[in-house]
Amino acid sequence: MKRLGTGIGWRPEIADAVEAMPGVDWVEAVAENLCPGHLPASLLRLRERGVTVVPHGVSLGLGGADRPDAGRLAALAERVEALGSPLVTEHIAFVRAGGPGTFSPRLEAGHLLPVPRTRDALDVLCENVRIAQEALPVPLAVENIAALFAWPGEELTEGQFLYELADRTGVRLLIDVANLYTNHVNNGEDPARALAELPLEALAYVHVAGGVERDGVWHDSHAHPVPAPVLDVLADLASRVTPPGVLLERDEDFPGPAELEGELAAIRAAVERGRTGSRDSTRCSGRSTEERPAGEPVRRRLALDQTALLSALVAGTPAPEGFDRARLAVQTGALAAKRAGVVAKVAPELPEILGAAYRPAFLAYAGTRPMSGGYRRDALDFAAHLLEPGAPADARVRREVRAWWRERSGPVPRSRRPVVRLVRGVRRTVLGR
């Protein structure tokens, strides 16, 4: 495995700072935000300097009941080729559910949700990972996620689940120490035990990020400084194995370059602290080499379970039996808040039109209207909702939202030329659209 060194998550908001930052050996970019034929100039300049760029996927849903979508895999492979990356990463999570055989329409979470740590779910995940490995041109590494709640009836610890996944598929692991800490606070899971159970020889690299505690629940926000307990988990990991790479993630509320550089320095110090205090560790893996192909009945059961959970989170249906309803309510609120924030970025005109009423209006909409596609579709659906009879909006808001929706709901994007916009507007009026 190539030694990556110390890196930072590349985001457009901090692109200039990342380029100028000393000691950045590599960067990671969200794969779905990249267009292979039109890569950001900043990433191209970094590549020219020899900085490794790793695409990080967020939408495959390898932990879902369905097999990975061939189109999504092809798109991810295309980004790998365009960036010349030595590996590609994704998450151990499900992001959608529903559809045929589940008595539910297709539902999108818009977020990474935890997979039940059962042997059936592991069988499905292993098969999905193998499918992805065969479709991708470079090695795949998968990441443990942060969870606000736990599934009832789990059969394996996080460490055992990850060990068996790596053992059965040969997939590499991207270990997020911030997520281990999140699961410690929220679900009482011991990070040290998870590290002791992991196959650290399969480690690809490590994520480090900040979060915030609200009402006794830790949110992996990627918008706050890295806390000391997360650095302690990193030091523990570094005492067991020298990580090939460590990367700082930050997605919102970006601080200045000096603060980001300070966090990178703290990460290096934690790795050094763990390395100098290194120890021999014993792994209690619960290893099993038994191959269990995921049959269709197993996938159907998992599909029904995941659909019931996701429907409770995004469509207001009753919580499935055995779940902590208070924790599910926290997750529901977090999902709706994330949707509101991302739609505000995808369609910034909507918050401008609605002003202070945007957020409460969107949260009320999200409470009963699940995502039916991506965030662009979500923005269009929200605008259409605002135009429904009886929607609480004044004439000005309805007029401006209607104009915005008409411009963006068709296959042709809004033109920057006033004459073209005028012609299209006249044509819509004549056709009654």
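**Pocket, cavity and helix pair**

Q: How much space lies in the second largest pocket?
A: The model is predicted. In this model, the space in the second largest pocket comes to about 400 Å³.

Q: Which residues lie nearest the centre of the second largest pocket?
A: Its lining counts 23 residues. Five of these are named as nearest the centre of the pocket: Ala 65, Asp 66, Arg 67, Gly 98 and Arg 106.

Q: Which element gives the most to the lining of the second largest pocket?
A: Two elements give two or more residues to this lining: strand β5 (94-99) and helix α10 (296-314). The top contribution is 7 residues, and it comes from α10.

Q: How many residues of the lining of the second largest pocket are charged?
A: The lining divides by class. Nonpolar residues number 7, and polar residues also number 7. The charged residues number 9.

Q: What is the volume of the largest cavity?
A: Searching the whole structure with a threshold of 30 Å³ or more gives 1 cavity. The volume of the largest cavity is about 200 Å³.

Q: Which element gives the largest share of the lining of the largest cavity?
A: The cavity is lined by 17 residues, with Pro 114, Val 115, Arg 117, Ile 145 and Glu 158 nearest its centre. Elements giving two or more residues are α5 and α6 (177-187). The largest share is 3 residues, from α5.

Q: How many residues in the lining of the largest cavity are nonpolar?
A: Sort the lining by class.

Q: Is the crossing of α4 and α5 left-handed or right-handed?
A: The handedness describes how α4 passes α5. This crossing is right-handed.

Q: Which residues of α5 meet α4?
A: The α4 side brings Arg 119, Leu 122, Asp 123, Leu 125, Cys 126, Val 129, Arg 130 and Gln 133. By class, the contact of α4 with α5 has 6 nonpolar, 2 polar and 5 charged residues. On the α5 side are Phe 161, Glu 164, Leu 165, Arg 168 and Thr 169.

Notes: Residues numbered from 1 in each chain as written. Predicted model: local features only at pLDDT ≥ 70, side-chain atom pairs only at ≥ 80, totals over all residues. Heavy atoms only, no water. 1 Å grid on protein atoms, 1.4 Å probe; cavity = no way out; pocket = protein on both sides within 12 Å on 5 of 7 lines; lining within 4 Å. Points joined across faces, edges and corners; volume = space filled by probe spheres on them. Helix = DSSP H or I, 4+ residues; strand = E, 2+ residues; numbered from the N terminus. Nonpolar A, V, L, I, M, F, W, Y, C, P; charged D, E, K, R; others polar. Left-handed = near helix turned anticlockwise from the far one by under 90°. Contact = heavy atoms within 4.5 Å.
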